[in-house]
Amino acid sequence: VDIEETALPGVGVKHEFTSAAGKRVGVLSHRSGRRDIAVYDDEDPDACIEVLVMTPEEAEALAELLGAPKIVERIANLRAQVEGLVSEGLVVRSESVVVGHSISERLPRSQTGASIVAVIRGSEMVVSPGPDFKIVVADTVVAVGTREGVQRVARLVAGR
Amino acid sequence: VHDARLFIELGGVVFGLGVLGRLASSIGLSPIPLYLLAGLAFGRGGLVPLVTAGSFIEKGASIGVVLLLLVLGLEYSSTELVTNLRAHAWSGGVDLVVNAAPGAVAGWLLGWGPVATMALAGITAVSSSGIISKVITDQGRLGNRETPTVLSILVLEDLAMAVFLPVLTGLLAQKTFANTVISVSLALGALAIVLAASLRFGPTISRWIFSPNDEVLLLRVLGLSLLVAGVAEELQVSAAVGAFLVGIALSGKVADSARIVLTPLRDLFAAVFFVFFGLQTAPASLAGVLVPAIALGGVGVFTKGLTGWLAARRVGIAMPGRIRAGTSLIARGEFSIVIAGLTLSAGVQPRLASLAAAYVIVLAIVGPIAARLSDPIGRSVARARRRAAPTLR
């Protein structure tokens with residue numbers, strides 16, 4: 001994507017690009033943290049036809065929504081790139097031995113042979129969770145490692 | 001008993017301004033022309049002359065100018081100013097030349113002296129960044145592609161003001177030629193030093209001033225600005241420019257927080273400043289300058305429109321966007337009044353202040369209306385063009 005940057009003196013900075021579908025999209029980053037998403041008019045390409053004004057919190061939530069699938073996608077790409085490397089999203093079952101325990105307690109890389117690179121909880125994604133990150137039922141654990149390592153993690157989160 | 005009278009007068013004025021501000025925002029206008037009119041009503045020969053609040057309003061007005069320029073300076077960083085100067089020098093130059101010319105010609109036609117003519121040129125040249133950025137925000141045009149051009153022109157005008165005000169202050173002091181040259185070069189030197197220093201040491205200065213406590217921050221920034229403004233005034237550089245330079249030198253977190261805590265204070269004292277300017281203008285004197293004010297206003301609409309059109313065309317903006325850029329720039333306001341205020345205290349040309357008041361009242365009302373109308377105008381012109389050349393689409 002070819003992103004064009006323009007300074008807005010006294011306001012902040014604006015980034016623009018044209019989507020594959022031909023729509024011109026702009027993101028206006030105010031110094032206050034406010035973000036405006038602008039969609040440009042086809043008839044008058046210099047004007048916005050719609051502007052979405054977002055508080056810093058809303059912008060962050062939206063960025064996460066847009067970013068989460070992207071990370072999973074990147075992991076998938078990584079798997080294709082590095083042969084022998086396996087990654088999988090595994091759902092934690094209620095009978096699993098890891099429920100209520102931290103990653104270092106039940107899923108240490110030194111024993112399983114796979115790293116936990118992310119945990120998806122509801123609509124939220126925790127990237128690179130720390131060793132004391134507590135896992136709860138229905139989390140999706142993203143494990144990356146050798147085939148055997150990921151299988152070991154899969155058995156643990158399934159409860160067996 | 002004395003205080004009772006002061007509070008009643010002051011309370012009446014401030015409350016009245018609140019009512020006017022509400023009225024202005026409900027009809028989508030800038031409150032500036034209404035504040036000026038309020039000042040006219042309270043002033044010499046007005047409806048309700050003030051007796052005791054006058055001296056407070058006079059001091060408040062001076063603080064208002066300092067705060068107006070300080071908060072404006074806080075909006076920009078020195079890096080922004082320098083990059084803007086490089087990138088938009090052409091548009092900024094056209095803006096100043098094309099828009100100062102009508103004022104200069106009018107001053108000459110009216111037979112005013114060179115200093116009053118120069119002041120009038122400044123009054124017609126400089127747009128109101130306050131009114132314009134508010135209209136752009138309200139109309140949801142911040143993301144528009146002509147907006148960076150419009151904002152850049154405003155930035156360069158503000159920078160030009162930092163040069164113009166000390167020159168005018170020096171000339172108004174009516175000293176010898178040598179003295180004027182000294183104070184003007186002093187001002188330009190100070191401007192250059194502050195810009196260079198804040199480019200290099202901006203973060204350090206800002207860290208030194210910053211406090212996470214709003215109260216401490218407010219007192220520090222306000223105190224520093226008044227100190228610098230006072231020194232600048234003492235050196236005949238003009239207090240306003242001193243405050244502007246303080247605003248420029250502060251950047252980053254300290255500027256963002258200071259802007260938030262200072263804005264309410266700025267709003268209050270700026271309103272007092274406009275009232276004070278109106279107070280000093282006799283309503284009867286407006287009648288005598290109405291014709292030149294309206295003529296200048298008409299020319300001013302055209303010249304700013306042309307400036308915006310040319311600047312937008314230069315960066316490849318299509319026709320409707322050029323119309324938006326042109327109409328956006330029309331509004332004149334606080335700076336024209338700041339310039340006129342300087343001449344008023346120096347007493348060069350008594351009709352200048354009345355002319356400036358009438359001019360600003362006209363263009364502060366016409367500007368936002370024109371900016372709002374530019375969308376339907378642009379659309380209909382675009383439609384007419386398409387009809388005229390149907391094969392193009």
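This is a predicted model: local features need pLDDT of at least 70, side-chain atom pairs count only at pLDDT 80 or more; totals for chains, interfaces and linings use all residues.
1. The contact draws on 21 residues from chain A and 23 residues from chain B. The area buried between the two chains is about 1,700 Å², and carbon and sulfur atoms give 51% of that area. A:Pro9, A:Arg31 and A:Asp46 supply 39% of the area that chain A buries against chain B, which is more than any other three residues supply.

2. Across this interface there are 9 residue pairs in polar contact, both residues being at pLDDT 80 or more. On the side of chain A that touches chain B, strands S1 (4-8), S2 (12-18), S3 (24-30), S4 (35-40) and S5 (48-54) each supply at least two residues, and the largest share, 3 residues, comes from S1(A). The residues of that side of chain A divide into 10 nonpolar, 3 polar and 8 charged.

3. The count of salt bridges between chain A and chain B is 4, while the count over all chains comes to 20. One of those between the chains joins the side chains of B:Arg324 and A:Asp44, with an N to O distance of 2.8 Å.

4. The side chains of B:Arg145 and A:Asp46 also meet in a salt bridge, at 3.5 Å from N to O. This pair crosses between chains, from the loop between helix H6 (129-138) and H7 of chain B, where B:Arg145 lies, to the loop between S4 and S5 of chain A, where A:Asp46 lies. B:Arg145 is partly exposed, with a relative accessible area of 26%, whereas A:Asp46 is buried, with a value of 2%.

5. Both residues of that pair belong to a network of salt bridges that links A:Glu4, A:Lys14, A:Glu16, A:Arg24, A:Asp46 and B:Arg145. Within chain A, the side chains of A:Lys14 and A:Glu16 meet at 3.2 Å, N to O; A:Lys14 is buried at 2% relative accessible area, and A:Glu16 is buried at 1%.

6. In chain B, a salt bridge of 3.2 Å, N to O, joins the side chains of B:Arg141 and B:Asp375. B:Arg141 lies in the loop between H6 and H7 and B:Asp375 in helix H15 (residues 350-388), so the pair ties together parts that are 234 residues apart in sequence. B:Arg141 is buried, at 3% relative accessible area, but B:Asp375 counts as partly exposed, at 24%.

7. B:Thr147 is found in helix H7 (residues 147-172) of chain B and is buried, with a relative accessible area of 2%. Leaving aside its neighbours within four places in sequence, B:Thr147 is in contact with A:Leu8, B:Ile136, B:Arg141 and B:Leu142.

Terms used
Residues are numbered from 1 along each chain as its sequence is written. Chains are lettered from A and ligands numbered from 1 in the order in which they are written. Side-chain values use heavy atoms; hydrogens and water are left out. Helices (H or I, at least four residues) and strands (E, at least two) are DSSP runs, numbered from the N terminus. Buried means under 20% relative accessible area, exposed over 50%, partly exposed in between (1.4 Å probe, protein chains only). Contact means heavy atoms within 4.5 Å. Buried area is the accessible area (1.4 Å probe) that two parts lose on being put together, summed over both. A polar contact is a pair of N or O atoms within 3.5 Å; within protein, one must be able to donate a hydrogen and the other to accept it, and residues adjacent in sequence count only if both atoms are side-chain atoms. Ala, Val, Leu, Ile, Met, Phe, Trp, Tyr, Cys and Pro count as nonpolar, Asp, Glu, Lys and Arg as charged, and the others, Gly among them, as polar.
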